[in-house]
Amino acid sequence: FTKSKFEDQALKWDSPWGVGYPGWHIECSCISMKYNGEYLDLHCGGVDNAFPHHTNEIAQSEAYLGHPWCAQWFHVHHLNTNSGKMSKSKGEFLTVSLLEEKGYDPLAYRFFCLQSHYRKGLVFSWENLDNAAGAYNKLIKRVAALRDGDGEIDEAAAAQFKEKFLTQVGNDLNTSMGVTCLYDVLKAPVNDATKRAVLADFDQVLSLSLLDRAAALREKMVELQPKSTGMVLDSKIAGDVYLVRHEGEPDPEISKLVLQRGEAKQAKNFAEADQIRDKLKARGIEVTDVPGGAVWKRV
């Protein structure tokens, strides 16, 4: 029995050894047993809880139960700022509401965390979150560029991707390597149907809503150009994806020229971009720039 750190401690009692009050170690053991039973598969917590909190939990729980209590313990290192540990007591902590108030997608923050390993301290700054948000948005664009119904799923290739993902993430929950596996799939020489199926499988673990967010982006592009009939070509430009869409009958040659114009603009080669636009205009093609790409139609 020791003095509580709270001067207004409500739950306390006199004993032969002094004033007693319930400790948070007992509290955690009781809550765990009430809602999860006498056996736990996994107990999580911050690395600072390993001792003495979790050692006390084990001692009191197993002494009470008379058998082993929890099979695995998972200790996460801290989220830090440049000045040290982020904590509620310092007034430095993140909430989903705060992220949304500042205009951030909470899934971009999740992506930020997944790119690190839980055994390493993660340094948070709004600049770092901006970089992660940009990378997440580019990833969604690349997924959105995958065409629906593009052939049959290559089950053999999909099985190889899944085996690699399980090996990487199964190595002490290495989520950063799991994210790398996403990009490996997107770059792989397999059809889009296979890529979409594998990404959906990976996302059951990573929970980045890849296909849902990609579908929302596609719908947004359709709203921008209601008559456009679909994505027909895409290209990686300076880390981004440039989507080419069309109205009316498709023409791969025209789409390729529109794509080359987009690449020229991204490279700030505006003279070449204008030349391509003039060439397209001479063929009766009108090009409209939209967020993330361009739409062309015959006039």
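S29 is buried in this predicted model, with a relative accessible area of 4%. The residue sits in helix α1, which spans residues 24–36. Leaving aside residues up to four places away in sequence, S29 touches E57, Q60, S61 and W69.

Let's move on to a pair of helices. The axes of α6 (residues 155–169) and α7 (residues 175–187) come within 8 Å and cross at roughly 160°. Because of that angle, α6 is roughly antiparallel to α7. The crossing of the two helices is right-handed. On the α6 side, the contact is made by F161, K164, F165, Q168 and V169, while α7 supplies M177, G178, C181, D184 and V185.

Now for the rings. The count comes to eight aromatic pairs, and two of them are set out here.

| Pair | Centre to centre | Angle between planes | Arrangement |
|---|---|---|---|
| F74 and Y118 | 4.3 Å | 35° | tilted |
| F165 and F202 | 4.1 Å | 10° | stacked |

The F74 and Y118 pair links distant parts of the chain, 44 residues apart: F74 belongs to strand β4 (residues 70–76), and Y118 to the loop between α4 (106–114) and β7 (122–123). Both F74 and Y118 are buried.

F165 and F202 are both buried.

Elsewhere among the rings, Y104, Y109, F112, F124 and W126 form one aromatic cluster.

Technical notes:
Residues numbered from 1 in each chain as written. Predicted model: local features only at pLDDT ≥ 70, side-chain atom pairs only at ≥ 80, totals over all residues. Heavy atoms only, no water. Helix = DSSP H or I, 4+ residues; strand = E, 2+ residues; numbered from the N terminus. Buried < 20%, exposed > 50% of the residue type's maximum accessible area, 1.4 Å probe, protein only. Contact = heavy atoms within 4.5 Å. Axes fitted to C-alpha atoms, helices over the stretch in contact; angles between N-to-C directions. Parallel < 35°, antiparallel > 145°, perpendicular 65-115°, else oblique. Left-handed = near helix turned anticlockwise from the far one by under 90°. Phe/Tyr/Trp six-rings, centres within 6.5 Å; stacked < 30°, edge-to-face > 60°.
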